Amino acid sequence: YLNREEFGSLIHIKELYLDGNQISAITDDTFKSSRFKVLSLASNRILRIDRKAFENTTIQHLDLSGNKFDTIDKDIVGLKARPNFTRVDLSRNPKLQMKSLLIFLAENTQLKWLALSGNAYEELPPKMFENQRRLEFLNLSANNFKELYAHNLNGLGFLKVLDLSFNKFKGMTSEILSQFGKLYALEDIRLNGNPWSCDLCYIPQLLSWVRRSQLFRKGCSGHAGT
């Protein structure tokens, strides 16, 4: 556990890493008035984050990966008190409910970097990222996605990196491939580790798109993870 206002007097600390402990809860005022920009609480046992845990802080980069909470909404996180995250890692939280994640995204529209890897998600709600217009990096790897739809990527006009590796894609539809082409800032799309099927029902459209796409013109050596 951590005491209230544990770090409030450490005004010169810019980054704080508390990874790999056995912290189970972040209570109100734990980080009140702290001045650091980066906070990592990865690989703990966090089940609860109280509403005012991050009140009046300057945290921009938050890592909550590898924990055990199932909700992260206004009732327990206090998003109204800390709406300025730009980089958030929520990976490896397989109990994290999609409805709570949607609330989190609605309250945090300044994100530039978001990781949701390894959360056992099977599908994305329509227009999930429509308010994430500043997002540049999106990691959806190691989930259970079999399909994507064009509306799943609406609003991501500034996206530079999209990681779809290690899901369950057998192929890609012409609809989603066309949507990739509309992501004009996209520089890197990662598709490795999927069980691609050579069956003619699945692969021709993807293969044709790969051959045409500027993202693949330099081959695998030019784009790591593709």
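Is F169 buried or exposed in this predicted model? F169 is buried, at a relative accessible area of 0% (buried is under 20%, exposed over 50% and partly exposed in between, with a 1.4 Å probe and protein chains only). In this predicted model, local features need pLDDT of at least 70 and side-chain atom pairs count only at pLDDT 80 or more, while totals for chains, interfaces and linings use all residues. Residues are numbered from 1 along each chain as its sequence is written, and side-chain values use heavy atoms, without hydrogens and water.

**View 1. The aromatic pair of F169 and W196.** Six aromatic pairs are counted (ring centres within 6.5 Å, using the six-membered ring of Trp; planes under 30 degrees apart are stacked, over 60 edge-to-face and the rest tilted). F169 and W196 are stacked, 6.4 Å centre to centre with 15° between the planes. F169 sits in the loop between β9 (161-163) and α3, and W196 in the loop between β10 (188-190) and α4, so this pair ties together parts 27 residues apart in sequence (helices are DSSP runs of H or I with at least four residues, strands of E with at least two, numbered from the N terminus). W196 is partly exposed, at 28% relative accessibility.

**View 2. The aromatic pair of F180 and W209.** This tilted pair has 5.5 Å centre to centre and 50° between the planes. F180 belongs to helix α3 and W209 to helix α4, so the pair ties together parts 29 residues apart in sequence. Both F180 and W209 are buried.

**View 3. The ring cluster of F7, F31 and F36.** Here, ring pairs link these residues together.
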